[in-house]
Amino acid sequence: MSNVSAQTYFEVQTFYAQQMRLLDRLDVEGYAATFTEDGVTDHAHRGEKVEGRAALIAGAKHALPRYKGVAVRHWNDHYLIDEVDENTLNVTYCSLVTRTTADGKVDFEPTFAIEDVLVRVDGRLYTRSRTIHRDLPVAI
Amino acid sequence: MSNVSAQTYFEVQTFYAQQMRLLDRLDVEGYAATFTEDGVTDHAHRGEKVEGRAALIAGAKHALPRYKGVAVRHWNDHYLIDEVDENTLNVTYCSLVTRTTADGKVDFEPTFAIEDVLVRVDGRLYTRSRTIHRDLPVAI
Amino acid sequence: MSNVSAQTYFEVQTFYAQQMRLLDRLDVEGYAATFTEDGVTDHAHRGEKVEGRAALIAGAKHALPRYKGVAVRHWNDHYLIDEVDENTLNVTYCSLVTRTTADGKVDFEPTFAIEDVLVRVDGRLYTRSRTIHRDLPVAI
């Protein structure tokens, strides 16, 4: 079981709804502003770590051409929230990413599992760190 | 941040769970009954506006052949809820639509962003207006 | 409307977030442990019913080769929760299943509608029964 309240669950859902819209609108500055000033994004699957908002903005701008000609959407599910302290939350979830062309063809990036640390500053949530793992087949 | 309570968030989630089932079951009358009598659906991306339940039913029946031979499902995410007044909610979300054939092949409609106005009448939510935007590539 | 509280809604979301991770990690024993000892899974669409944790584990192990070389993810939506009594919940939802290869190609299983009965034992939810219906085209 989780140790957080329904109100916190809803607060977290709303945070991601806002953050994912900024991301999918390719609003790099708006997206970076949902991170703390020293926020870290770690693309663990490609060993690439970006530290601080300025580096996040530079990295995201560099990556923008990947999304030329497609509408991107992140579809998240299965949030688990763990309250570390009153204003720190560990949140994990998985993400499916669609890329839709102007004529409506949808294709997919690989699926991902994400581990975030969110902090609440002046009543507002921010991402302090994000670690992104690309889903790989389980050895069976 | 959103100004609504966790209870309202849950009420809204439940409303969409019920409405989307009626839609995906192609229960045109049941779906129309989740709109107010004067409810409006605006397919903004094709400039097509349908006003009132009767017109909604007629339009939906006309569109049914599009779904012949496929099971449709709408997968929604990233709800943002804004309380306009005690019984009026602005809700926005995005939607991924699958079409699955009898032999299990899944394909996709383009992704969409939706803006709804919900009203609560006698303790029950209804859609008063729905505006549907097809996702298009962002200019970069 | 649903008769459950936002807190129960959140408890249920958290239950599925945990259970689906075990399932997608192909952790057969861990997944079976989220069912009651006498838990039943009924694949209604192929007339196959599995009763009790031991049979569930055996059946799941038998099915594992289907997931060789792919990362599986279940994406659920549209939960409806009905409180039968204080510790019994009927929950229905739909599920989209992705299979992602090591080089990142995503494909899809047919979509499903699921009916679960959850029971709360010592403050913790378990699945007592699960009935899985494959989505089929609606006759129109």
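On a 1 Å grid over the protein atoms alone, a cavity is a set of points where a 1.4 Å probe fits but cannot get out, and its lining residues have an atom within 4 Å of a point. Grid points are joined across faces, edges and corners, and a volume is the space filled by probe spheres set on the points.

This is a predicted model, in which local features need pLDDT of at least 70, side-chain atom pairs count only at pLDDT 80 or more, and totals for chains, interfaces and linings use all residues. Residues are numbered from 1 along each chain as its sequence is written, chains are lettered from A in the order in which they are written, and side-chain values use heavy atoms, without hydrogens and water.

## The cavity

The structure holds one cavity of 30 Å³ or more, and the volume of this largest cavity is about 490 Å³. Among its 30 lining residues, N76(A), D77(A), N76(B), N76(C) and D77(C) are the closest to the centre. Helix 1 (6–24) and strand 3 (70–85) of chains A, B and C each give two or more residues to the lining; helices (H or I, at least four residues) and strands (E, at least two) are DSSP runs, numbered from the N terminus.

By residue class, the lining has 17 nonpolar, 10 polar and three charged members. Here Ala, Val, Leu, Ile, Met, Phe, Trp, Tyr, Cys and Pro are nonpolar, Asp, Glu, Lys and Arg charged, and the others, Gly among them, polar.

## How the copies are related

## Where chains C and A meet

Across this interface, 38 residues of chain C are in contact (heavy atoms within 4.5 Å) with 27 residues of chain A. Only 16% of the interface residues of chain C are also interface residues in chain A, so the copies meet through different surfaces.

Together the two chains bury about 2500 Å², 67% of it on carbon and sulfur atoms; buried area is the accessible area (1.4 Å probe) lost on putting two parts together, summed over both. F10(C), R21(C) and W75(C) supply 26% of the area that chain C buries against chain A, more than any other three residues.

Definitions and conventions: 1 Å grid on protein atoms, 1.4 Å probe; cavity = no way out; pocket = protein on both sides within 12 Å on 5 of 7 lines; lining within 4 Å.
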